[in-house]
Amino acid sequence: MPVEIDLTQRLATIAEATLDIVASDGIDGVSIRAVAKRIGGSTTLVTNYLPTREALLRNAVEHAIHSWAGEIGQVVGQTPAAERLAVVARWACSTTGNDQVLRRLFMEILGRAQPESEALMVLRQDARQSRDLLAGAARDAGAGDAAFTADLVHLVLRGFYVSSLEDPERWNSDSVTPVIDRLVRLLIN
């Protein structure tokens, strides 16, 4: 009788191994062979699920985005409407866990990917969904022009992602949260 494999768990294991490699060796270290070695299996163990390096990168990005969606869903669901924009923006300014590794991976994909890249398409979709989440939170918070507010906060957050990679000691959760809070107050009031 064949062994049943939990596809979601297998893809998560491969994604975590991919992110571990990005953290230790950068994006250039990511290969099917390196991921297989990291999870203690053969290359076939990886290629049965993700046949290319591009698929490995897309899987890592999708895994992170799925995890974030669960987190932000909890945050938004537990926050009064008037406070949602500030809370969502603060959440997006995290520099804990894999945040820096993921930002580095995202920047590498953005800088290197071909226009038809699967990973790039996933990042574009996530950026649009994030901006839409900000627009909904801005409407909930009573922003006069929710679309403008969302655009501005989105662009500031994207700038923070780059800045947090350039100078992580200066631009981290502790230093940017007061800036984001002040920006949100200016945009809402």
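**Figure 1. Arginine 170 and tryptophan 171 in the predicted model****.** The charged end of arginine 170 is placed over the ring of tryptophan 171. The distance to the centre of that ring is 4.3 Å.

**Figure 2. The aromatic pair of tryptophan 68 and phenylalanine 106****.** Two aromatic pairs are found when the whole structure is searched. Tryptophan 68 belongs to helix H4 (residues 53-77) and phenylalanine 106 to helix H6 (residues 99-112), so the pair ties together parts that are 38 residues apart in sequence. Phenylalanine 106 has a relative accessibility of 11% and therefore counts as buried, the limit being under 20%.

**Figure 3. Packing of helices H4 and H6****.** The axes of H4 and H6 are 11 Å apart, and the two helices pack at an angle of about 135°. H4 is therefore oblique to H6. Their crossing is left-handed. On the H4 side, the contact is formed by Leu57, Ala60, Val61, Ala64 and Trp68; on the H6 side, by Asp99, Leu102, Leu105, Phe106 and Ile109.

**Figure 4. The chain as the setting of the close-up views.** The secondary structure consists of nine helices and zero strands, giving the pattern α-α-α-α-α-α-α-α-α along the sequence. The C-alpha trace spans about 60 × 40 × 30 Å along its principal axes. The chain has 189 residues, of which 42% count as buried. Of the contacts between residues at least 6 apart in sequence, 63% join residues at least 24 apart.

Terms used: Residues numbered from 1 in each chain as written. Predicted model: local features only at pLDDT ≥ 70, side-chain atom pairs only at ≥ 80, totals over all residues. Heavy atoms only, no water. Phe/Tyr/Trp six-rings, centres within 6.5 Å; stacked < 30°, edge-to-face > 60°. Helix = DSSP H or I, 4+ residues; strand = E, 2+ residues; numbered from the N terminus. Buried < 20%, exposed > 50% of the residue type's maximum accessible area, 1.4 Å probe, protein only. Lys NZ or Arg CZ within 6 Å of the ring centre and 35° of its normal. Axes fitted to C-alpha atoms, helices over the stretch in contact; angles between N-to-C directions. Parallel < 35°, antiparallel > 145°, perpendicular 65-115°, else oblique. Left-handed = near helix turned anticlockwise from the far one by under 90°. Contact = heavy atoms within 4.5 Å.
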